[in-house]
Amino acid sequence: MEKEQTFESALENVEQILKELESGEIDLDKAIDKYTEAMKLIKFCNEKLASATEKVNKILNEDGTLTEFNVEE
Amino acid sequence: MFDVAEKYLTISSINEYIKTIFEENEFLHKVYLKGEISNFKNHTRGHLYFTLKDDASRISAIMFYNRAVTLNFTPEDGMNVLVEGRISCYPVGGTYQIYVDKMEMDGLGNLYIEYEKLKQKLAQEGLFAKEHKKPIPKYPQKIGIITASTGAAIKDILSTIKRRYPICETILFPSLVQGASAAADIVRQIKRANEFDLDVIICGRGGGSIEDLWAFNEEIVARAIYESRIPIISAVGHEIDFTIADFVADLRAPTPTGAAEMAVPTILDTLNIINEKRIRLNQTIMHKIKNMQHIVETLKNSYVLKNPMTLYELKEQKLDNILDKLNNHILEKIKTGQNKLEVVKNSYILKNPLAIYEPAKNEIKSFNMKLNNFIQHYLEQQKHQINLLINTIELKNPLTILEKGYSLVTKDANLIKNSNQIAVNDTVNIKLYEGEIIATVKEKK
């Protein structure tokens, strides 16, 4: 995970690895490496979901600043 | 009875009277009405009969043929129209009605025509084409929302996102969504939103009348959506089927809430998907390892690995086989050679060498004879030829001529045939039949 991994690309990578592994055309050493990598990605995704705190809603003001936005109830 | 006749009026006279009241009232000479057409009837003679109504009330209407031919649309029930005409009474029916001079479609109808025209134009330009639709990311991190900062739409969108996928960031680009300036404002905010690093934009408003939603049918909005770098989900009202914005957007949602649901997954679904992948991953790798173990087991239990000597024994035996074969082969070769030699040794010729010589001797003898005969014959022929030649030569030999008394004059071995060839005092040779004279030339003639 050298470059900044997004949640979506991480999940896509996991799916890619799964397809490679399921195709069966991969030797065991490589398969274990891939498995380890996929598990790391899954951990990354889970952490991303678990750690993500509720995001603040923002509004772009006329002067170009972003401030917190709350819907009037 | 007489009194009765005095007191009571005929229907005709009251209706005629009422008619005069209508006609005396200047206000009714020219009225402008807006309403919805119902009970529309196109009489065979070309006059149009219909009712104009609003929510609470109705009025009969007639449009004569000579006026009706000026219409630029075909009236039908349910159509909202603006009419101009006079109101009067029809005494025969005891009704009053509007005599329509002019009629046009109300704003709504005109808007509808505009809508259809624009829709067709943009479709032809390819703005609605599937290949221009950008994919909507499954797990957005940042969503832009273009709608009014107050009202149900923004509330619905934000609460839906919060409920489903609260880890997503949102930025509201507040925009007018109805009225004359709405379209330009929406366009401006789409452009501003494109300066941000957003995964998707939701652009819309809550339900309303077709006039309220009209900004989303404007060409500039359609083009701004088309040109947006970021995929846009349209979310306009729910009272009419589709706005132009819906056609051109990358994805169309029926309501703002629907748009938010399309824009984000739910946390729970996402966790399930991750979990499902983890399970698949574990199963796959376990399966792979088991397979490998099985292969290793099979190898370990193989007869050869368990009895390594058998490998050696097998080879030993094979070596013996090869050696045997080699021996046999060599012996075979030797035997064949011996046989051939024996055959040669026993041949007739080796045993009777003269058998070759005798026939050859006879052949040479016969050949010699033939050769001798041939030479003899040839010599005879040649001799005859030579005799013939000699006779011919004899006839032509100059010496034969000399014998007859002629002589040959030469100078320096050149035969003199002409006196020009020599000069006075030259020495010449004169050859005679017998002997030769050397003479000096005294005179030339």
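The model is predicted, so local features need pLDDT of at least 70 and side-chain atom pairs count only at pLDDT 80 or more, while totals for chains, interfaces and linings use all residues. Residues are numbered from 1 along each chain as its sequence is written, and chains are lettered from A in the order in which they are written.

**Contact between the chains**

- The contact, in which two residues count if their C-beta atoms, placed from the backbone, lie within 7 Å, takes 27 residues from chain A and 30 residues from chain B.
- On the chain B side, two or more residues each come from α5 (152-164), β7 (169-174) and α10 (267-300), these being DSSP runs numbered from the N terminus, with at least four residues for helices (H or I) and at least two for strands (E).
- The largest share of that side, 12 residues, belongs to α10(B).

**Strand pairing across the chains**

- Strand β1 (residues 57-60) of chain A pairs with β7(B) in the parallel sense over 3 bridges, where pairing requires that DSSP finds at least two bridges.
- Within this pairing, Lys58(A) stands opposite Ile171(B).

**Helix packing in chain A**

- The axes of α1 (residues 7-23) and α2 (residues 28-51) of chain A, as lines fitted to C-alpha atoms over the stretch in contact, come within 9 Å and cross at roughly 150 degrees, on a scale from 0 to 180 degrees between N-to-C directions.
- α1(A) and α2(A) are therefore roughly antiparallel to each other, a term for angles over 145 degrees.
- Residues of α1(A), including Phe7(A), Leu11(A) and Leu18(A), meet residues of α2(A), including Tyr35(A), Leu41(A) and Cys45(A).

Key: Parallel < 35°, antiparallel > 145°, perpendicular 65-115°, else oblique.
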